[in-house]
Amino acid sequence: MPDHIARQFDFLVESDRLKSVDRANVLMDLSRPENSAEHSWHVALQAMTFGASDRAIQMLLVHDLVEIDVGDQPIHLDHDAAALAGAEAQAADRIFGLSPDRDRLMDLWQEFEAGASPDAIMARRMDHSQPLFQVLSAPRPPADHVVIVRNNMDGGRAARLRDEWPEMMAWAEAMLAGKPLPGNDLSRRLRFLAEADALKSVLRANLLIDGSRRENSAEHSWHLALYALAFADLAGPGVDIGRVIRMMLIHDLVEIDVGDVPLHSAAGQAHGSPEIQAAEARAALRIFGLLPDAQAQEFLALWQEFEAAASPDAVFAKSLDRCQPVIQNLLSGGIGWVDYGVTFGDIEARVGRKIIQGAPDLWHWLRPRVQAFFA
C-alpha cells in the first residue's frame, strides 16, 4: 500500500503542471488567459450541471492532462492531426503511467478521444461547447474571439451541435445577435456557470508545486476531484466516489462571495463561527439559486452535506480537502505554513485528525514526511 500511495502522489504531483498550461481563451473578466486545469474544472462542472454521468465527468477531469507535454491546441489554428495524435498518445502513456491505476485512467482518456460511447459523446459535447459559453457569456467578449466562435459554429467542431444540441446553438445565436434571452432552464444553468468563472480569481494561501504563484480555488477544486478519482480505492465502506467528485467540484463555490479562508489563519481556526457559517450559507443560497429551482436545491444539499462532514461521502471528501494542501506545501517550500507560523503540532491537530477519519492510510503515509519537513 505505501508504494501504491507514493505512485499515486507521483501522478497527482505531475498533474499540478496542468495549472501552468495557458489556453487561447481568457477568463470572462478578460484579466488573463484561462489555464487547462481551470478549463477541466469548469467543463466538468458544466457536465454535472447538464446531467452527465459520473463516467463522463471523470473523462473530463483527465481529458486535457496530455497538454502538460503537448500544450493547448487552439481550435482556430491548423494542426498536423496525425502528429498531434501521436504526441498526445505518448503523453498519455507517460503521465498515466506514473499512476498504479494507469490502465483505468488510460481507458477514460482513450474513450473520450474515440468519442463513440454515449458517455464520451456527452463529455465531448460539453468540451466543445464550453469555449462558446466562455466567450459569449463575458460582459465584453473580445471581437477576435467572437469571430473564432462564429467560425467554430459555422464550420468547426461545434457545427455538429446544431443537430446534437439545438437549444444551446439557439442560445449562442441569440447572444451573437444581441437578442434577449429566454428565462428558461438552459439560460439559468449558463448564468450559474458564468458566475462560477469568478472562482478562477479566488487565490489560496498555498502555492503551485513549482512555487511560481498562488493556487486558485478553481484549480484546487479540479485537483481535489482528481484526488478523489485517484484514491477511490482508499475510500471506506459506503462511499460513492461519483458523489465525492461532485462535492469537490462545487465545495468552494461560496468563496466567490466570501473568499478563501486559510485553514491556519485566525479566521480559519474559527471557521465554525456563526459569522463565517452565515456568510457561506448566504453565498450558497445566492450562487446555487441561479440554477433552476429543483437543481438549486440538489446542489445546495450536496454542498451542505460536505460542510456537515457526517456522511461517508463527505468524511472522505473532507479528508482529501485536507490532504491536497499538505502536498502543495511540502513540495513548494511550505510558504503557506510559514506565513501563518504553522507547527507540526498544528498540522497534526487541524489536518491529520480530519484525514485519518476518512483516509487513514493517507495520513500514515503523509505524517512522517510532514514531521521531517518541520524537523
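So, who lines the second largest cavity? In this predicted model, the lining is made up of Asn-25, Val-26, Leu-27, Met-28, Leu-30, Gln-134, Val-135, Ala-138, Pro-142 and His-145. Strand E1, residues 22-26, and helix H7 each give two or more residues to that lining. If you sort the lining by class, you get seven nonpolar, three polar and no charged residues. The space inside is about 40 Å³.

Quick aside on how you look for these: rolling a probe the size of a water molecule over the atoms shows where empty space is left. Searching the whole structure that way turns up three cavities of 30 Å³ or more.

Which helices supply at least two residues each here? That would be H2 (36-49), H7 (118-136) and H11 (185-196). The class count for this lining is five nonpolar, five polar and no charged residues.

Last stop, a helix pair. H3, residues 54-62, packs against H12, residues 217-230, at an angle of about 120°, and their axes are 10 Å apart. Is the crossing left-handed or right-handed? Left-handed. On the H3 side, Gln-58, Leu-61 and Val-62 do the touching, and they meet Trp-222, Ala-225, Leu-226 and Leu-229 in H12. That contact has six nonpolar residues, one polar and no charged ones.

How values were computed
Residues are numbered from 1 along each chain as its sequence is written. This is a predicted model: local features need pLDDT of at least 70, side-chain atom pairs count only at pLDDT 80 or more; totals for chains, interfaces and linings use all residues. Side-chain values use heavy atoms; hydrogens and water are left out. Axes are lines fitted to C-alpha atoms, for helices over the stretch in contact, and angles run from 0 to 180 degrees between N-to-C directions. Helices (H or I, at least four residues) and strands (E, at least two) are DSSP runs, numbered from the N terminus. A crossing is left-handed if the near helix is turned anticlockwise from the far one by less than a right angle, and right-handed if clockwise. Contact means heavy atoms within 4.5 Å. Ala, Val, Leu, Ile, Met, Phe, Trp, Tyr, Cys and Pro count as nonpolar, Asp, Glu, Lys and Arg as charged, and the others, Gly among them, as polar. On a 1 Å grid over the protein atoms alone, a cavity is a set of points where a 1.4 Å probe fits but cannot get out, and a pocket is an open set with protein on both sides within 12 Å along at least five of seven lines; lining residues have an atom within 4 Å of a point. Grid points are joined across faces, edges and corners, and a volume is the space filled by probe spheres set on the points.
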